[in-house]
2 protein chains.
Amino acid sequence: MANYSKQREAILTELQNRCDHPTAAQVYEGVRQVIPNISLGTVYRNLAALVESGEILSVSVGDGKEHFDGDKSFHLHLHCKNCGAIIDSRVEREKLKNLADLDGFTPENSVCVVYGLCKNCNKQ
Amino acid sequence: MANYSKQREAILTELQNRCDHPTAAQVYEGVRQVIPNISLGTVYRNLAALVESGEILSVSVGDGKEHFDGDKSFHLHLHCKNCGAIIDSRVEREKLKNLADLDGFTPENSVCVVYGLCKNCNKQ
DNA sequence: CTTAAAAGTAGTAATCATTACTACTTTTTA
DNA sequence: TAAAAAGTAGTAATGATTACTACTTTTAAG
């Protein structure tokens, strides 16, 4: 039934080859090295499909752009409100309690979002 | 030095009086009951200021809009990918490990973002 | 094979949440 | 009490994302 296209593969590969959290536009720039005439719309459509199929994660930090993450293992995203950096942190879950000692990062707040299906939507 | 205005107070009150996670447009609609000619721009500006000062939280779930939360105590946000609902969950932190048993919510993925200042930006 | 339906794409136009801007009002402070 | 500072309403502009159209690639059936 199809979910193959060299564009989608290039997009997934691009995401898995980098360890930051690129936006759609950044993924587009990266993939253009391989497929020069790929369309930005194609990047958006395939990123959405990859999120939907669970192959990648979408990370929203509130900077107006959606970020994407090829690493699906559980980790925190430390977002600097000054420079906008998004830093991965594999802190033990215990430390989630008081949010201290995050490699020099000074935490102020945290927001956790769990994606899935609610009780009502589960029953169809 | 100012951070008073009846508009800002009305916006904060609106957020604290409701227990959902309204968007800027929804806050605007609510506050208009009290200040009918308030401007949408004023709502955006004050929401940003309230987030900056730490009085409210911004919650991004990846639906293209920013949501705001007057409840700053730690809790999970369960986001249904079907109906878009954002449900509060005060699950014990232990359960973060396997993300099961969230009141009938079927979890697929989770993303946690910690806001603050990174090591570099800390040193000015 | 080969051909028609299905799925995907490039490129462009449209949408819409958010931000910027301007003239005006309220608050502060000296 | 008057001038500077901060905030506001209303509108215009921005920019990330989505929709749309004509075209290409893939799939599947005879």
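On DNA strand D, a sugar or linking oxygen sits 3.2 Å from an N or O atom in the side chain of B:Q7, a polar contact (a pair of N or O atoms within 3.5 Å; within protein, one must be able to donate a hydrogen and the other to accept it, and residues adjacent in sequence count only if both atoms are side-chain atoms). This is a predicted model, where local features need pLDDT of at least 70, side-chain atom pairs count only at pLDDT 80 or more, and totals for chains, interfaces and linings use all residues. Residues are numbered from 1 along each chain as its sequence is written, chains are lettered from A and ligands numbered from 1 in the order in which they are written, and side-chain values use heavy atoms, with hydrogens and water left out.

**DNA strand D**

- There are 15 residues around DNA strand D, and A:Y44, A:E66, B:S5, B:T42 and B:R45 come nearest; being near takes a heavy atom within 4 Å.
- A base nitrogen of DNA strand D is 3.0 Å from an N or O atom in the side chain of B:S39, while B:T42 puts a side-chain N or O atom 2.3 Å from a phosphate oxygen.
- Helix α3 (residues 40-52) of chain B gives the most to this surface, with 3 residues; helices are DSSP runs (H or I, at least four residues) and strands likewise (E, at least two), numbered from the N terminus.
- Sorted by class, the surface near DNA strand D has 4 nonpolar, 8 polar and 3 charged residues.

**DNA strand C**

- Around DNA strand C there are 15 residues, with A:S5, A:T42, A:R45, B:Y44 and B:E66 coming nearest.
- For DNA strand C, 82% of the atoms within 4 Å of the protein belong to sugar and phosphate.
- Polar side-chain atoms of A:T42 and A:R45 each lie 2.3 Å from a phosphate oxygen of DNA strand C.
- A:N37 uses a polar backbone atom instead, 3.3 Å from a phosphate oxygen of DNA strand C.
- Helix α3 (residues 40-52) of chain A supplies the largest share of the surface near DNA strand C, 3 residues.

**How the two chains pair up**

- Chain B superposes on chain A by a rotation of 180° with 0.0 Å of shift along the axis (RMSD 0.0 Å), using least squares on the C-alpha atoms of residues with pLDDT of at least 70 in both.
- That is the relation of a two-fold axis, and the C-alpha of B:C112 is the nearest to it in chain B, at 2.1 Å.
- The copies meet through the same surface, because 100% of the interface residues of chain B are also interface residues in chain A.
- B:S60, in strand β1 (residues 57-60) of chain B, is buried at a relative accessible area of 9% (buried is under 20%, exposed over 50%, partly exposed in between; 1.4 Å probe, protein chains only).
- A polar side-chain atom of B:S60 lies 3.4 Å from the backbone nitrogen of A:G62.

**The core and its surroundings**

- A:F105 and B:F105 touch the most other members of the largest nonpolar core, which has 20 residues; such a core joins buried Ala, Val, Leu, Ile, Met, Phe, Trp, Tyr and Cys residues through side-chain atoms within 4.5 Å.
- In both chain A and chain B, β3 (76-80) and β5 (106-117) each supply at least two residues of this core.
- B:I87, in strand β4 (residues 86-89) of chain B, is partly exposed, with a relative accessible area of 33%.

Note on methods. Contact means heavy atoms within 4.5 Å. Ala, Val, Leu, Ile, Met, Phe, Trp, Tyr, Cys and Pro count as nonpolar, Asp, Glu, Lys and Arg as charged, and the others, Gly among them, as polar.
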